[in-house]
Amino acid sequence: MDSYWAAVIWSLLPTVVVLGLFAYVLRSILRMDRTERRAHARIEAEERAKRGLPPVGEAPRGADAGTTA
């Protein structure tokens, strides 16, 4: 019976290791994407501020945002 459990562990070990590597790589990719998006948004906000434009998502002054024609 002891060799049975050893065979089970040795047969599942490669799958678990590959799953761990996949999870690590996927987590790294998502974290890198999030960081890059933050940096891009920061740079874009700085450039908009240099040009005197309002921040993204803010309506221009004097515009009627709530009325329709």
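Q: By about how many helical turns are R42 and E46 separated in helix 1?
A: Let's start in this predicted model with a pair of charged side chains. R42 and E46 meet in a salt bridge, with 3.3 Å from N to O. Both belong to helix 1 and sit 4 residues apart, so their separation is about one helical turn.

Q: Are R42 and E46 buried or exposed, or something in between?
A: The band between the two classes runs from 20% to 50% relative accessible area. R42 has 46% relative accessibility, so R42 falls in that band. E46, with a relative accessible area of 40%, falls there too. Both answers are therefore partly exposed.

Q: What secondary structure does the protein have, and which residues does helix 1 cover?
A: A tally of elements gives 0 strands and 1 helix. That element, helix 1, covers residues 2–50.

Q: Which residue forms a salt bridge with D33, and how far apart are the closest N and O atoms?
A: Both partners lie in helix 1, 4 residues apart, or about one turn of the helix. A salt bridge needs nitrogen and oxygen within 4 Å. D33 meets that limit with R37, and the closest N and O atoms are 2.9 Å apart.

Q: How do K50 and E47 count in terms of accessibility?
A: K50 reaches 66% relative accessibility, so K50 counts as exposed. For E47 the value is 31%, so E47 counts as partly exposed.

Q: How many salt bridges does the structure have by this rule?
A: Side chains of opposite charge can pair when their charged atoms come close. Among the pairs here are D33 with R37, R42 with E46 and K50 with E47. The count comes to 4 salt bridges.

Q: What kind of aromatic pair do the rings of Y4 and W5 make?
A: The structure holds 1 aromatic pair. The ring centres of Y4 and W5 are 5.3 Å apart and their planes meet at 75 degrees; because an angle over 60 degrees decides the class, the pair is edge-to-face.

Q: Which residues form the nonpolar patch on the surface, and about how much accessible area do they have together?
A: One member, V17, is found in helix 1. V17 has a relative accessible area of 44%, so V17 is partly exposed. The patch is made of W10, L13, V17 and L21, which together have about 440 Å² of accessible area.

Q: How far does the backbone oxygen of Y24 lie from a polar atom of the S28 side chain?
A: S28 is found in helix 1. With 31% relative accessibility, S28 counts as partly exposed. From a polar atom of its side chain to the backbone oxygen of Y24 the distance is 2.9 Å.

Q: What share of the 69 residues is buried?
A: The protein exposes about 6,700 Å², with 65% of it supplied by carbon and sulfur atoms. To be buried, a residue must fall under 20% relative accessible area. Of the 69 residues, the buried share is 0%.

Key:
Residues are numbered from 1 along each chain as its sequence is written. This is a predicted model: local features need pLDDT of at least 70, side-chain atom pairs count only at pLDDT 80 or more; totals for chains, interfaces and linings use all residues. Side-chain values use heavy atoms; hydrogens and water are left out. Rings of Phe, Tyr and Trp (its six-membered ring) pair if their centres lie within 6.5 Å; planes under 30 degrees apart count as stacked, over 60 as edge-to-face and the rest as tilted. A salt bridge is a side-chain nitrogen of Lys or Arg within 4 Å of a carboxyl oxygen of Asp or Glu. Helices (H or I, at least four residues) and strands (E, at least two) are DSSP runs, numbered from the N terminus. Buried means under 20% relative accessible area, exposed over 50%, partly exposed in between (1.4 Å probe, protein chains only). Patches are made of residues with over 30% relative accessible area and no salt bridge: like charges are joined within 9 Å, nonpolar side chains (Val, Leu, Ile, Met, Phe, Trp, Tyr) within 5 Å. Accessible areas come from the Shrake-Rupley method with a 1.4 Å probe; for residues, only the protein chains shown count as cover. A polar contact is a pair of N or O atoms within 3.5 Å; within protein, one must be able to donate a hydrogen and the other to accept it, and residues adjacent in sequence count only if both atoms are side-chain atoms.
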